Amino acid sequence: RFLNGAGGYLEQTSAYLDPGSAAAYLALCQHGPLSAALRSQLPLMELAEQIVAAGGRSPLQVIALGAGDGHSETRLAGHLVEAGTSRIELCLLDVNQPLLTSAYHHAVERLARQPQVHVWALQGNFHQLPLYSVFHRPAARRPRRLFTLLGGTLAHLDHEPRFLQHSLVDCDVNDLLLLDVPLACAPCTDRAEIKRRDRLFAEGVPAPYCAWLAGPLWRYCPQVEQVDFHWDLETHCPVPGSYALHAIATVVCSQRADRQFSLLRLGRYDPAQLVQCLSEMGWEELGAALYGGEHSLRLYRKRPAGPRTGSGGTQTLGGQRG
């Protein structure tokens, strides 16, 4: 009904929901040149060592939010074993059943020779994380927890602070949070400079993204004759210093007026202001590792309530700081 309406903004969960979209997204992740190249450069071993340094080798529960195909999360679990974690419980959480099934089978197969890793999966919406009682064990009975948002999941969120405050409301002191963060190419106040320096914006919506995002429009909208894509720039975003690119689809049909849908949001973040934003919500940054030129993995720890510690404790990993 929404896609046959007058246009508007599609919440990001819907971009993966039907089987055709799930298949197209898997192809994009595993065979798309841009996605595959970025994933191959993820500094997961460096972050695994930092995670162990932050909490020792005691058992760890890894809760992979929006796991997608689960490849990066599976690699991380393997590196955590190599770094000395004694036992790992890897929970893959995704709203899409085909994606979750693919991720689960991949993780079980790849980690089969790691008896200290237990893999399980939960189909659910991570925006509703507080509803899932399986995660709400008494603090004294649950292991250390690491929440992950890899593969650009953070950048797809409509309102990142609201998600971190309300969906992660049950976090304990010393719980860890690993974020995959695309970096801003220019100040959010300078639209001209963003358009000049942001390569993704300058090159237009990549063809694999168009094929994935346009699928539901062709499948569910009768009499569609053409679907064109362009980026729209949002500079007033919830995280200070950030901006976002929106993939806008223009649907052309001779039977009605052209319609526009925003089908994908990709946030870009200023590192210093992101650190400050998370610090105000009780997350202190422990380390950051730059990769791919315009991305970084960033590790945070939930601290006790009280005065903010700022970002002075951040360690540089891999010799670089984003």
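Helix axes here are lines fitted to C-alpha atoms, taken for helices over the stretch in contact, and the angles between N-to-C directions run from 0 to 180 degrees. Helices (H or I, at least four residues) and strands (E, at least two) are DSSP runs numbered from the N terminus. The structure is a predicted model, in which local features need pLDDT of at least 70 and side-chain atom pairs count only at pLDDT 80 or more, while totals for chains, interfaces and linings use all residues. Residues are numbered from 1 along each chain as its sequence is written, and side-chain values use heavy atoms, with hydrogens and water left out.

**Helix packing**

Two packed helices are described by the angle between their axes and the distance between the axes. Angles under 35 degrees count as roughly parallel, over 145 as roughly antiparallel, 65 to 115 as roughly perpendicular and the rest as oblique.

| Pair | Angle | Axis distance |
|---|---|---|
| α1 and α10 | about 175 degrees | 9 Å |
| α1 and α5 (residues 97–110) | roughly 40 degrees | within 8 Å |

The α1 and α10 pair is therefore roughly antiparallel. Contact means heavy atoms within 4.5 Å. From α1, the residues that meet α10 are Gly20, Ser21, Ala24, Tyr25 and Leu28, and from α10 they are Pro208, Tyr209, Trp212, Pro216 and Arg219.

With its crossing at roughly 40 degrees, α1 is oblique to α5. Here Ala22, Tyr25 and Leu26 of α1 make the contact with Pro98, Leu99 and Ser102 of α5.

**Helix α2**

Residues are called buried under 20% relative accessible area, exposed over 50% and partly exposed in between (1.4 Å probe, protein chains only). In helix α2 (residues 33–40), Ser35, Leu38 and Arg39 are buried. They span an arc of only 95 degrees around the axis, so they lie on the same side of α2; the arc is that of the directions from the helix axis to the C-beta atoms. Pro33 and Ser40, on the other side of α2, are exposed. The buried residues of α2 pack against α1 (19–31), α4 (71–82), α10 (207–220), β10 (283–291) and β11 (295–302).

Leu38 belongs to this helix. Leaving aside residues up to four places away in sequence, Leu38 touches Tyr291, Gly292 and His295. The C-alpha atoms of Leu38 and Gly293 are 9.6 Å apart, although 255 residues separate the two along the chain.

**Aromatic rings**

Rings of Phe, Tyr and Trp (its six-membered ring) pair if their centres lie within 6.5 Å; planes under 30 degrees apart count as stacked, over 60 as edge-to-face and the rest as tilted. The count is 7 aromatic pairs. Phe126 and Phe163 form an edge-to-face pair, because their ring centres are 5.2 Å apart and their planes stand at 75 degrees. This pair joins distant parts of the chain, 37 residues apart: Phe126 is in the loop between β4 (117–123) and β5 (144–149), and Phe163 is in helix α7 (residues 160–167). Phe126 is buried at a relative accessible area of 12%, and Phe163 is buried at 3%. Elsewhere, Tyr16, Tyr25, Tyr209 and Trp212 make up one aromatic cluster.

**Cysteines**

A disulfide is taken as a pair of cysteine sulfur atoms within 2.5 Å. The whole structure has 0 disulfides. The closest cysteine sulfur to that of Cys29 is in Cys210, 16 Å away, which is too far for a bond. Cys277 is also in no disulfide, as the nearest cysteine sulfur, that of Cys237, is 12 Å away. Cys29 is buried at 10% relative accessibility, and Cys277 is buried at 9%.
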